[in-house]
Amino acid sequence: MAARWLVGQKHQVVLHARHEGRAREALAGVPGAEDVLVGDLAHLDEVKRLAEAANATGHFDAVIHNAGVYRAPGEVLLAVNTLAPYLLTCLVQKPRRLIYLSSGLHRQGDPGLEHMTSGRAHISYSDSKLLVVLLAKAVARKWPDVYVNAVDPGWVPTRMGGRDAPDDLAKGWETQAWLAVGHDGGARVSGRYMHHRTVARHHPAVDDISLQDEFLTTCERITGIALPMPLASEHS
Ligand SMILES: NC(=O)c1ccc[n+]([C@@H]2O[C@H](COP(=O)([O-])OP(=O)(O)OC[C@H]3O[C@@H](n4cnc5c(N)ncnc54)[C@H](OP(=O)(O)O)[C@@H]3O)[C@@H](O)[C@H]2O)c1
């Protein structure tokens, strides 16, 4: 829905899908999209190839990290919900805006990082979404030249949310599309956790700078890829 709206606003939109079949369906669902990139986010090698394909496509103004899983083994929750957005952030040429889909459930997550290495089988959806907010906060601090934010779309009736989800589906995609292209001051912010275009309450641990750094180091250790740091000249 975000992609359809962005195309309607005359933006060039590139989609992403897990495999060729879903890619065809995604393109059919968003008439006017430029292209679709393919890669299963559960496999780090595919994520790396996806980043290469994204860079070969061009330089993106904004990237919305939307894909996610809710019911899956801990390994898959960590790979898709946390490590894939980390790796794509590291490897895709730096855009002007980055948006990460988190969830209100992240507030029930455990901010301990041990489960990223030794206790992966026990990682929960909430843990993985807490780590996404930590990622957004860390990248916002490390890359002051990029608007970097996390979004809680609400509990909305998608396949993940289920038919009976109580929140408004339209409001579930608006905030990330606005953060991607909005020109008003509200959208040109960084390091925020947002719900329905306003700053929302997040888990207090994600503001801990040493936890943010430890998280980036842990992601680097797992993936073998470090977050690129801006050159000193880029700060001036
Ligand atoms: N719905 C809610 O109430 C709710 C609440 C809070 C946060 N969120 C977050 O909002 C985002 C969008 O969720 P949604 O509600 O739209 O869920 P959804 O209907 O289940 O869609 C999830 C998307 O992620 C893709 N995906 C999952 N695993 C993948 C993988 N290994 N490789 C590539 N793509 C993969 C799915 O592709 P396929 O279609 O091919 O499976 C699908 O396009 C997620 O990050 C979710 O955690 C949703």
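This is a predicted model: local features need pLDDT of at least 70, side-chain atom pairs count only at pLDDT 80 or more; totals for chains, interfaces and linings use all residues.
Arg24 is placed in helix H2, which covers residues 20–29. Between Arg24 and Gln176 there are 152 positions of sequence separation, and their C-alpha atoms are 24 Å apart in space.

The chain as a whole contains nine helices and seven strands. Its radius of gyration is 17 Å, which agrees with the value near 18 Å that a compact globule of 236 residues would have. The C-alpha trace spans about 50 × 45 × 35 Å along its principal axes. Buried residues make up 33% of the 236 in the chain. When contacts between residues at least 6 apart in sequence are considered, 65% of them join residues at least 24 apart.

On the H4 side the contact is made by Leu83, Tyr86 and Leu87, and on the H8 side by Cys219, Ile222 and Thr223. By class, five of the residues in the contact of H4 with H8 are nonpolar and one is polar, with no charged residue.

The contact of H6 with H8 includes six nonpolar residues, one polar residue and two charged residues.

The ligand is surrounded by 20 residues, of which the closest are Ala67, Gly68, Thr158, Met160 and Gly161. Sorted by class, the shell around the ligand holds eleven nonpolar, five polar and four charged residues.

Gly68, one of the residues closest to the ligand, is also among the contacts of Leu101. Leu101 is in strand S4, residues 97–101. With 22 other C-beta atoms within 10 Å, Leu101 is buried, because the count reaches the cut-off of 20 or more. Apart from neighbours within four places in sequence, Leu101 is in contact with His65, Asn66, Gly68, Val151, Pro153 and Gln176. The C-alpha atom of Leu101 is separated by 8.1 Å from that of Lys129, a residue 28 positions away along the chain.

Val181 belongs to helix H7, which runs over residues 169–181. This residue has 14 other C-beta atoms within 10 Å and is therefore partly exposed. If residues up to four places away in sequence are not counted, Val181 touches Leu6, Gln9, His11 and Ala62. Val181 and Arg97 are 84 residues apart in sequence, with a C-alpha to C-alpha distance of 8.4 Å.

Positive phi values were computed for two residues other than glycine, Lys10 and Arg197. For Lys10, phi is near 75 degrees. Lys10 is located in the loop that links helix H1 (2–8) to strand S1 (14–17). With 7 C-beta neighbours inside 10 Å, Lys10 counts as exposed. For Arg197, phi is near 65 degrees. Arg197 is part of the loop between strand S6 (192–195) and strand S7 (198–199). Arg197 has 16 C-beta neighbours inside 10 Å and so counts as partly exposed.

How values were computed
Residues are numbered from 1 along each chain as its sequence is written. Two residues are in contact if their C-beta atoms, placed from the backbone, lie within 7 Å. Helices (H or I, at least four residues) and strands (E, at least two) are DSSP runs, numbered from the N terminus. Ala, Val, Leu, Ile, Met, Phe, Trp, Tyr, Cys and Pro count as nonpolar, Asp, Glu, Lys and Arg as charged, and the others, Gly among them, as polar. The radius of gyration is taken over C-alpha atoms; the globule rule is 2.2 Å times the number of residues to the power 0.38. A residue is buried if 20 or more other C-beta atoms lie within 10 Å of its own, exposed if 12 or fewer, and partly exposed in between; C-beta atoms are placed from the backbone. A residue is near a molecule or strand if its C-beta atom, placed from the backbone, lies within 6 Å of it.
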